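This report looks at a hairpin, the sheet around it, and the nonpolar cores. The structure comes first.

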Amino acid sequence: MPAVSKGDGMRGLAVFISDIRNCKSKEAEIKRINKELANIRSKFKGDKALDGYSKKKYVCKLLFIFLLGHDIDFGHMEAVNLLSSNKYTEKQIGYLFISVLVNSNSELIRLINNAIKNDLSSRNPTFMCLALHCIANVGSREMAEAFAGEIPRILVAGDTMDSVKQSAALCLLRLYKTSPDLVLMGEWTSRVVHLLNDQHMGVVTAAISLITCLSQKNPDEFKTCVSLAVSRLSRIVSSASTDLQDYTYYFVPAPWLSCKLLRLLQCYPPPEDGAVKGRLVECLETILNKAQEPPKSKKVQHSNAKNAILFEAIALIIHYDSEPNLLVRACNQLGQFLQHRETNLRYLALESMCTLASSEFSHEAVKTHIETVINALKTERDVSVRQRAADLLYAMCDRSNAKQIVAEMLSYLETADYSIREEMVLKVAILAEKYAVDYSWYVDTILNLIRIAGDYVSEEVWYRVIQIVINRDDVQGYAAKTVFEALQAPACHENMVKVGGYILGEFGNLIAGDPRSSPLVQFNLLHSKFHLCSVPTRALLLSAYIKFINLFPETKSTIQEVLRCDSQIRNSDVELQQRAVEYLKLSSIASTDVLATVLEEMPPFPERESSILAKLKKKKGPGAVSAGELEEGKREGGEVNGWEVNQQKSEPSQENASSLTTSPSPTPTAMHLSLTSFFFPSSLSQSTPSPSADLLGLRSAAPVSAAPVSAGSLLVDVFSEAGPAASTAGVNDDGFLRFVCKNNGVLFENQLLQIGIKSEYRQNLGRMYLFYGNKTSVQFVSFSTTLKPVDPLVEGGAQVQQVINIECLSDFSDAPLLNIKFRYGGALQNLSLKLPVTINKFFQPTEMSSHDFFQRWKQLSQPQQEAQKIFKANHPMDTEVLKAKLLGLGTALLDNVDPNPENFVCAGVIQTKAQQIGCLLRLEPNAQAQMYRLTLRSSKDTVAKRLCELLSEQF
Amino acid sequence: LANNRKIRQGKLRLQKWYVPLSDPQKKKISREVIQMVLARKPKMCSFLEWRDLKIVYKRYASLYFCCAVEDQENELITLEIIHRYVELLDKYFGSVCELDIIFNFEKAYYILDEFILGGEAQETSKKIVLKAIEQADMLQEEAEAPRSVLEEIGLT
């Protein structure tokens, strides 16, 4: 046991700690702790009144036990008693215990507050500081209510000791962060700002944190702080290294205060007053100059403190973005750091340069460092530094250097760390698309990407290349030729097969003239990969084959033969079997004309934000976090936007099933007909014919497609996902809320696990497919969910599926919860999510005339039948997107009902087992104000209210 | 500044939280951060991105000191916050070692509270912080009453 250093007396505590340290096993430790807990409990409960010293000792022991990681459920009262002790050390331990172990037991808080109140009014500075520290540590709302009025007074009072002022300032900051509504500076504002002028540097240091936070929220009220901050900064910057005595840190004058001053200035635009601005520019120049001076000490603390100020100054220069001279100097300085031997500096320089790259003044200067950055990407030993280098290359990329940067990133990918590959792939894909001068370069790049890092090429990336090829006829022939060549490789990535299958299925004819890539050669090439592929890819290939029959009638018999084999039409996978059967039948029954219509070339995709960009935003968003909280789900704002590309054509796997039961919605778009329709299996029977059905003319011609009815529903999914996807990307949106207007997508994703959802609803019933994907290379064990039993082992990279049936018994507001548990590398992961089942899923759309609509509207005129909300638009007010969302809601969107064509009205009936609930909806956008008014009327008040809540988050 | 803690071989010696979190959340975060920091090799940079925060860490002998700070926080100055705290401990205990922190954890807390409050630097002057702590110790010595024999040998 070490000599207890200063003025300490609790020997019993020291002995206890020694005992714990001597325990050989966890069990022994727990035994010792339980013995001690029993002892303390009996002391606390004993008849004999404990003296203050013993109380202090036992409370301290409890604290130690708690810090070892054990739960403590008693002793709080004794700790509170200590607060009112006159002995400083007893009070101090009491406060420490409260600060570490406080719970929201309101009874206790009141007692604590009483003790604090006494200490605050004691006029004993040490007691006051203890009380303030406690408030700052706990920072609960009850404390804010009790003390938010008093503390500003203490802070600015003339006779308050410096140390108390410091504690009061930071205490107030903490309360402001918890309960900004309770901390009102009002009359104190100017005196608080003037604390920047205080003689005591410690007071300034503490006060500036408070002022910065308040300035961020109320910049106008606090704007006088700018000139004060500039003069304070100027005094520090120009002081000699010894002027500030103990505030000089390793020869750097007041580094913490300097950084905070520079941070405060970043809350404001450049000073308007010329003199102030001149002085500030001078400061910034001095800081940049100092960076060039030889160091006053070899200690790393010296250079860290100096550079901390430098980086903060550069951040301010970037924030102003108006002084080209300073920006370029900053860039040069960072350029020097890029080759510094300190890893930390290289890291920070790369990071800081990333923001400089986006300024028009310094973009070119940043670009001059390209070789160094490329070199960093290749040679840095720390993956986090390489990551910064990749970020910077991405940020400095423009048309002039895109080819070089993309090539470097591609070559880096071959050896890149697994942890950053996916992001690199996305970045390459985005740069390639953004700066593509000729699209053959783009196609080459993406195919290279698949070749080099196929596993990391997410669906968005290959969907996007297909979108682009389909939309640009100048590149289609080249794409066909290139994929054909790429597929020659004996082992090519499955993603390559998917792209190859899709593109040859569409554009194989463009290269069929060459005997080396004749239709049969193309078909055999694709089919040679078939058996190595997963079910979804095989399904895609089958669709490509039927497209081949249309493109090249001469391949018909070969392909029919393939489709006819047992391994196809009797495949144990129902999806493959269904496709084989349907395509075989289609190819033999339908006339060439019908075939040509059904299998027509894909129409161009609507232009929209690249789904990849959305994905990158999502990845870069704050949500790249690990398992655990629901908030994570919220942050994953992005969408698997590209999904629908696939659904439209080549992956109706689940969609097919889903279209069986979902009710068709009214607005299919002609361009998709050729695709959607030919996936619908003969077994379909559908009550509500979709308007698209007759357009196809298939009903009579081909019994196969006798009911191509659910075309509509599929299309709605397509649209409802497409629209919001682009716009909600990156927004802090509840994962759950994203599913209000759509049925499929990713519910949750972190570094370990991805949960995808496909769902379908009909009347009051629903079915949901949950896909749990293990994103790691290590198996999850003891995997379980609260829904139903599932295989407890999930191999690395594998996906397990669960299907649940849902029945809506009566209307509801709370979504069912899904809890998932599993072990990953020994650590238990526990996840709790809301299942995206909302009341609107059970909508049946109801078409009605304007007259009927308003008649019903009037019938639902009791106040509780209406719910209304006026809110700001969260997304661009795009009519098509709005329509898609409203359709995704499940109601019928009624045209020509509202006299104002800008408004939307919808009607539907919610089907529950208990009853049917009619709902009417009216959405009035106000483009000028960027606001919406949403009104819902329903025969059941709770439903109107719930729908209103759900929907107001959607636009 | 979100939180500040010291760890060794996966054992947490001292932790301080400046944002309200539940105990299970704290435990989970500690576990994650400890795992990540211990996996770092020497010469790697002292900053890590984690969730939407940055972890700034530094190793002193067998102890790691870590701070989780907000994204826009200045990394280098945070690193020096850690160093100043170590200096304070060192000065107070006289070449501080891990055992000092284990046996006098309450002192380590007091020093931290004097130096950083609510996640922000309160007083960066070494002299002033130590003076405050020493004054408190003086109060303590005055207040100390004579102890029983049993207490003297550590039996209660």
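In the hairpin of β4(A) and β5(A), two residues lie between the strands, and Gln763(A) takes a positive phi near 50°. The model is predicted: local features need pLDDT of at least 70, side-chain atom pairs count only at pLDDT 80 or more, and totals for chains, interfaces and linings use all residues. Residues are numbered from 1 along each chain as its sequence is written, chains are lettered from A and ligands numbered from 1 in the order in which they are written, and side-chain values use heavy atoms, with hydrogens and water left out.

**The sheet**

Strands here are DSSP runs of E with at least two residues, and helices are runs of H or I with at least four, both numbered from the N terminus. Two strands pair if DSSP finds at least two bridges between them. Strand β4 (residues 753-762) of chain A runs antiparallel to β5(A), and ten bridges join them. On its other pairing, β5(A) meets strand β7 (residues 799-807) of chain A, antiparallel, over nine bridges. Some partners are listed below.

| Residue | Opposite residue |
|---|---|
| Ile755(A) | Tyr772(A) in β5(A) |
| Gly766(A) | Ile806(A) in β7(A) |

Four strands make up an open, antiparallel sheet in the order β3-β4-β5-β7 (chain A). β3 (745-749) and β7 of chain A are at the edges with a single partner strand each, so one side of each has no neighbour in the sheet. Neighbouring strands are turned by 25° against each other on average, direction ignored. That angle is taken between axes, lines fitted to C-alpha atoms (for helices over the stretch in contact), with angles running from 0 to 180 degrees between N-to-C directions.

Strand β5 (residues 765-774) of chain A is largely enclosed by the rest of the structure, because eight of its ten residues are buried. Buried means under 20% relative accessible area, exposed over 50%, and partly exposed in between (1.4 Å probe, protein chains only).

**The cores**

A nonpolar core is a set of buried Ala, Val, Leu, Ile, Met, Phe, Trp, Tyr and Cys residues joined through side-chain atoms within 4.5 Å. The largest has 270 residues; Ile116(A) and Leu449(A) touch the most other members. Beyond its neighbours within four places in sequence, Ile116(A) is in contact (heavy atoms within 4.5 Å) with residues including Tyr95(A), Cys134(A) and Phe147(A). A second, separate core of 59 residues includes Leu835(A) and Phe955(A).

**A buried threonine**

Thr89(A) sits in helix α5 (residues 88-101) of chain A. Its relative accessibility is 4%, so Thr89(A) counts as buried.
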